[in-house]
Protein chains: 2
Amino acid sequence: MKEGPDIAGLAALIGDPARANMLSALMAGKALTAGELAGEAGVTPQTASGHLARLVDAGLLLVEVQGRHRYYRIAGPDVAEALETLLVLAERTGRVRARPGPRDEAMRAARRCYDHLAGTAGVAMFDALVANGDLTVGSDGLAPSAAGRARFVAFGIDMDELEGRRRPMCRACLDWSERRPHLAGSLGAALMAAFVSRGWATPDRKTRAMRFTDKGRAEFEAFLRPAARRHVADG
Amino acid sequence: MKEGPDIAGLAALIGDPARANMLSALMAGKALTAGELAGEAGVTPQTASGHLARLVDAGLLLVEVQGRHRYYRIAGPDVAEALETLLVLAERTGRVRARPGPRDEAMRAARRCYDHLAGTAGVAMFDALVANGDLTVGSDGLAPSAAGRARFVAFGIDMDELEGRRRPMCRACLDWSERRPHLAGSLGAALMAAFVSRGWATPDRKTRAMRFTDKGRAEFEAFLRPAARRHVADG
DNA sequence: TCCACGTTTCGGCAGCGGCCGAAACGTCAG
DNA sequence: CTGACGTTTCGGCCGCTGCCGAAACGTGGA
C-alpha cells in the first residue's frame, strides 16, 4: 500500500467488458439512453442500469433526465482522453477484440455524430473535400478554400450565415469506427442538414444511423467527385 | 461489436489491485525484481509471478533476466503515458488512496513525457511561455503567437517544418505530479530535443528522469524569463 | 384512470479469477 | 555436489461480481 491515486479501482471500472462497450459507444460524443447502451453492451437493461450507476458515481459519466429517458454522456474531456489513451495503447499492443455481436452495418456505414455526418460516409466526404481542394488543412485547423466556399454556396449553404456564428465552421472530428477524421463544425452540420432536406438520407429514429436511399447514395457519391467531372446534379 | 481495440481487457489488466500496485511502483522508472514487486503489491511471490507474466504477455512490461533475478520495467513511453493519464483521472474523480508523496525527487523535478518535458520544469516552462505571451491559450487550444514563433525560430526550431507535420504543434498535457499543464505536441518535443542537443539536460537511461546540468539549469531558467530582460544567451 | 414503456431495485445463481501452499526449476556460492 | 535463494508452475479453495428474472417506480399517452 503506497501513496497515490487509486488507479486500480478506476481501471477495474473501465475493465469490465459491458462497461467498456458502453464507454466506447459514448466516445462518439453523443448522449445515449440507458436502453441504447444496454444494446451496445449486449446486456439486459437491468444489468446496464447497474453499470451506468457505477460509472456515474465514479464521475466518468454524466446523466441527464429527460422524461422517462435517461441520457448518459462522457463526463468530460479528461475522461475521453483517458479512454483514448487506453485505446491507442490497446491497439499498439495488438489487442483487437473479435467479439461476436449484433452490431448493425448501417451504423458503421453512416451515422450522425452530434449533428454532422460520421462513419464511412463521413470520412469519405472529408477525404474527398480535402482531395478536391475544397477544404484546406493548415496548422490553424480546417478552412474552406475559395473554390470550396463557392461550391458550398452553390450547394445551397449560406456560408455568410455560418461565418457569422460563434461556432467554429470547420472542425475535424475523429471518427470512432474509422479512426480517421470527418467534418464537424457548423459546415458539417449544414451539409448533413442539406442531405436530409434533399431526401438523400434520413436519420434513424431509434439509433444514430443515417439511412441513405439508393438515389441519395448515388447523388452523395456524385457530390464527392472532383468538381471537374461532376455533372450539374447538385442544383 | 465490430472490431476495434480491446479496451476492456487492457483496463481489466491494469484494474487488479496487485497489478496496479506493481505498475505504480514501476512508474518511477526503475526496473524492479519480481520479489520486490511482490512486496510492493502485498502478495506472495508466486502470485506476483503470475501477474507479471500476464503483464509481460500483454506488452505492458519488459523483463530482463540477470542471473537468478528478473528485472521488470515499463515497456515503453506509451504505457507510462496511459498510466499517467489514468492516475490523473483517478485523482480528478477523487479516488485517492493516500497523499501524493514526493517519490523520486529527480522524476518530480524534470522528466520526459513521451518526447517532451514534464515535471516541475515542464510546468514552469509552460507557465512562462504563456505569461510571456509566446503561447496563447484560446478556445481552439494552444498556439504560438507571432512573437513566440519568432522566438522559437531564433532558438533554432524549424517552425515551418513543424507546421507541415500532421501532428499537432501545441498541446497542453496535464502533468501527473504537478496537476497542471505542460507543453506537448511537436513544439514541446522540438524544445526538449533542443535542450538535450545543447547539453542543458540529458535523459536518464533507466528512468524517464531528465538530469539538468548546473549550467543547463541556469540557461533554461534564463530562457524562461520575459524576452525584454533576456540577454542574448540563446543564439 | 389505466396501460405501455423505460428504468431501477432486489434476490439469487454461477463463473471467473485472484490467492496461497506445495513443489519444481535454475542460478550462485561454497 | 550440496544447500540457499529467487522464481515459476501446479492445484485447489474461496470470494467477488457480473448476470438475469421478477417486480417496483415514474413518466407519458390514450
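Trainee: How many bridges join S1(B) to S3(B)?
Mentor: This is a predicted model, in which local features need pLDDT of at least 70, side-chain atom pairs count only at pLDDT 80 or more, and totals for chains, interfaces and linings use all residues. Residues are numbered from 1 along each chain as its sequence is written, chains are lettered from A and ligands numbered from 1 in the order written, and side-chain values use heavy atoms, without hydrogens and water. Strands are DSSP E runs of at least two residues and helices H or I runs of at least four, numbered from the N terminus, and two strands pair if DSSP finds at least two bridges between them. S1(B) and S3(B) run antiparallel, and the number of bridges that join them is two.

Trainee: Which residue in S3(B) stands opposite Leu32(B)?
Mentor: The open sheet of chain B has the order S1-S3-S2 with antiparallel pairing, and its edge strands are S1 (32–33) and S2 (61–66). Opposite Leu32(B), the residue in S3(B) is Tyr72(B).

Trainee: Which element gives the most to the surface near DNA strand D?
Mentor: A residue counts as near if one of its heavy atoms lies within 4 Å of the strand, and among those that come nearest are His51(A) and Tyr72(B). Helix H2 (17–26) of chain A and strand S3 (69–74) of chain B are among the elements that each supply at least two residues. The element that gives the most, with four residues, is H4(A).

Trainee: How far does a polar side-chain atom of Thr44(A) lie from a phosphate oxygen of DNA strand D?
Mentor: Sugar and phosphate account for 68% of the atoms of DNA strand D that come within 4 Å of the protein. For Thr44(A), the distance is 3.0 Å.

Notes:
Polar contact = N/O pair within 3.5 Å; in protein donor to acceptor, adjacent residues only side chain to side chain.
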